[in-house]
Amino acid sequence: MFGLLVAASFLGHPAGVRCRVADFTPFLITSFHSLVPLPVISSSTTPVSVSDYYNRFGGTAQGSANYGSGTGVIWLDEVNCLGNEISIDQCEKNEWGEHNCVHSEDAGVNCTISITQIFTSPRVSTTPSTSMHDSVIIQLVGSNDGSAGRVEIFYQEQWGTVCDDQWDNNDARVICRMLGFSDGTSTVGGSYGPGNGSIWLDEVKCSGNEQSITECTSSPWGSTDCKHSEDAGVKCGITSATPSNPLSIRLVGGNTTSSGRVEINYNNKWGTVCHDKWDDNDARVVCHMLGYSHGIAFNAAKYGMGSGDIWLDEVNCTGSENSIADCPKNSWGVHDCHHGEDAGVDCSTNEIPVRIRLVGGENASSGRVELNLNGEWGTICDDGWDNNDALVICRMLGYVDGIGLSYGWYGAGTGKIFLDEVNCVGNETNIIYCKKQAWESSNCDHGEDASVQCFSQKAMTVAPSIASDVSVRLAGGNSLSRGRVEIHYNGQWGTICDDSWDDRDAQVVCKMLGYVDGSASRTFQAGTGPIWLDQVECQGSEASIEQCVRNRWGIHDCSHSEDAGVECSMTTRIFTTTPSNRGAQGIQQARLIGGNNFTVGRLEVMINNVWGTVCDDNWDDRDATVACRMLGFSSGIGYRNARFGSGTGQIWLDELNCTGTEISLSQCVSSNAGVHDCSHLEDASMQCFRREATEPTIGTASIRLIGGQNTNEGRVEIYHQGQWGTICNNNWDMKEIIVACRMLGFKKGNMLNRIIPGIGIIWLSNVDCSGSEISLEQCSKSDWGVHDCQHEQDVAIICQ
């Protein structure tokens, strides 16, 4: 039967007995790598056993139910041990079960399992002012950091402190080396709190090279004029100084010797590093200096705030430097930081173990990216997230390719956001090797969690059919079919300049990638690296872009702001007229370009054997319905302002005015072919439906934006029962915006900072999405048409 001890008379000795009986085995960690049993203690020349050590020092007593009240029998009371008993049963105490206590007085102990802060020295001869001592035991007290604290020495069976008179870094170095560290700095003035009992040493004067504090000059043991407010302390660390690299670095404040706040000794003073630009490349250099092969970066004083100087700021290592002194950085001591921005690292002799999983996707190959670091799952912020980052993640998971998705595409995660501003080249074997901000330094929320869609076959890169090492891929787009064109040549990815870039060039690239058609675009973000091609002039029938007329490889006069892009179509749906029904405009064919499927895109028509666009002046749903009908659909919705990208070349039609009943655009009223006052920023686009768009359909854009200055902003209108209506802003927030923008082909969005009131019916109110839905129809909401709103409450958003 189990019972409890109570706290009455339960002092230090019973704790030592209790811990020994529980078979806690103490070891001295002499170098943080080896374990040896504790040797001699006290002034006796006879070795003392480990268990005897714990009889005296193995635990501290905790009273008043410090660890919670027990239940059942209280077996012992008035326990009074000497500390050297083998069992608590040998201690003086009341009879078993005899007590006058309640469970709020239950006794406890705090046992030491391993002693990382105690050093024992062999018999040494100290200065003439001290006596001979067989052993000195040292511990650090008063800090949660095992590498820092008030210095306490065990002498004559009693713990005592050291006075800070003349206490300096040389003294601290000796103490820290005794504890297994390679360096240390001093603290004075009772910085880790006042001790109690004896003050054993005063006027300590070490050279810094001694093996034990007993070798240093000092006042006689116990002779002092100090108070405990003058108790000396130390901060210890592992340093990197070698004859070939005299710069000293140490890690302070970590729970292991391989992690902590980075501190540098410069001008004989320890100081910290500001976290501006701090990343894994910087961490690798620091960890290499300390003898480790890998490292990851942390910022925002993860390992506690330092004090004193901030020596370095804006450190920007490549990761290959031998010393942090070799990295680009501000001048020593020049910074705009405070200690809340102190940089830290976590070093390892092996590759940092990071596990990856995908969560919330439709299948095992898609989902929100989650990382496991040190047993904890977290997400990645989508700032800078693109297909190169997704490629690395997908390869880690055993796939060969992938695309990046943003803004909580597969729902918001929980817990930490481990990474932000990830910027992979695409050839890394692990996400830890990509350039990124320091770990856990994101300014994001989980609505920005990054996601991927992985593929078991190449989705973005294709080897050409001719004998060469040239291949192409698309980067920077929000789907596989859109993006900046990148070409692989001579072992390196580079871009193409958009000089002379047109749809014929795009068609060749898209066919290389397995698409049927494509159009030129210049709207994607700038790339990096070489610009391989310029002045490309394809006919459109070439099997590879290498076969097109162009400058020689690498010859150009461009910058990356001129990088060429394409918008490819998996299927090109082209309507071809007969000569008798081409109308006054002479329309030969019509097609959609730039959408992620053949039902959406920029409208292009062929006149005189040349493809061109349609201006959006007067463009509306009736015109779109006629154009969609030409392509074999039943109805359509019109979009303005180059919603699916700007075209190039001719603008064939303007001022279209269809009734909606026509079979072809050639039957609609319009300006003469080629007569317009437009630019390609006004290219008309549309969404087509296989049936009349009378019901919202999951996965299709059954909403539109009206009244904005651009096509990506405006009042949200939703189509229901053959009629467009608005949405009330009750409960509307970022989750609903993400779903609405996703329906429209965008990745993210925000509330528009102005009101655009509509007219007619208000279809929806109290919409409540999780953020992972494909359509607003899947969200919780009031019944259609049920609301208590005015049109001044109509939702208006801007998508990106």
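Colleague: Is Tyr266 buried, exposed or partly exposed?

Modeller: Tyr266 is partly exposed in this predicted model, because its relative accessible area is 26%, and buried would need under 20%.

Colleague: And what about Trp332?

Modeller: Trp332 is partly exposed too, with a relative accessible area of 25%.

Colleague: How many aromatic pairs are there?

Modeller: The count comes to 13 aromatic pairs. Among them is the stacked pair of Tyr266 and Trp332, at 4.1 Å centre to centre with 5 degrees between the planes.

Colleague: Where do those two sit in the chain?

Modeller: Tyr266 belongs to strand 14 (residues 259–266), while Trp332 is in the loop between strand 17 (309–312) and strand 18 (344–348). They are 66 residues apart, so this pair links distant parts of the chain.

Colleague: OK, what do Tyr489 and Trp553 form?

Modeller: Tyr489 and Trp553 form a stacked aromatic pair, with 3.9 Å between centres and 5 degrees between planes. Tyr489 is in strand 26 (residues 482–489), and Trp553 is in the loop between strand 29 (531–533) and strand 30 (565–569). The pair therefore ties together parts that are 64 residues apart in sequence.

Colleague: Are Tyr489 and Trp553 buried or partly exposed?

Modeller: One of each! Tyr489 has 22% relative accessibility and counts as partly exposed, whereas Trp553, at 18%, counts as buried. The two labels differ because the cut-off for buried is under 20%.

Colleague: Switching topic, which charged residue lies over the face of Trp270?

Modeller: That would be Arg250, at 4.0 Å from the ring centre. Elsewhere, the charged end of Lys302 sits over the ring of Tyr303, 6.0 Å from its centre.

Colleague: Now the cores. How many residues are in the largest nonpolar one?

Modeller: It has 28 residues, and those with the most contacts inside it include Ile703, Trp732 and Ile797.

Colleague: Which element gives the most to that core?

Modeller: Helix 8 does, with 5 residues. Several strands each supply at least two residues, including strand 35 (635–639), strand 39 (713–720) and strand 43 (796–799).

Colleague: What is Trp732 in contact with?

Modeller: Leaving aside neighbours within four places in sequence, Trp732 is in contact with Ile727, Ile737, Ala740, Met751, Val767, Leu776, Val795 and Ile797.

Colleague: And which residues does the second core include?

Modeller: That separate core has 26 residues, among them Ala390, Ile393, Cys424 and Ile431.

Technical notes: Residues are numbered from 1 along each chain as its sequence is written. This is a predicted model: local features need pLDDT of at least 70, side-chain atom pairs count only at pLDDT 80 or more; totals for chains, interfaces and linings use all residues. Side-chain values use heavy atoms; hydrogens and water are left out. Rings of Phe, Tyr and Trp (its six-membered ring) pair if their centres lie within 6.5 Å; planes under 30 degrees apart count as stacked, over 60 as edge-to-face and the rest as tilted. Helices (H or I, at least four residues) and strands (E, at least two) are DSSP runs, numbered from the N terminus. Buried means under 20% relative accessible area, exposed over 50%, partly exposed in between (1.4 Å probe, protein chains only). A charge sits over a ring if NZ of Lys or CZ of Arg is within 6 Å of the ring centre and within 35 degrees of the ring normal. A nonpolar core is a set of buried Ala, Val, Leu, Ile, Met, Phe, Trp, Tyr and Cys residues joined through side-chain atoms within 4.5 Å. Contact means heavy atoms within 4.5 Å.
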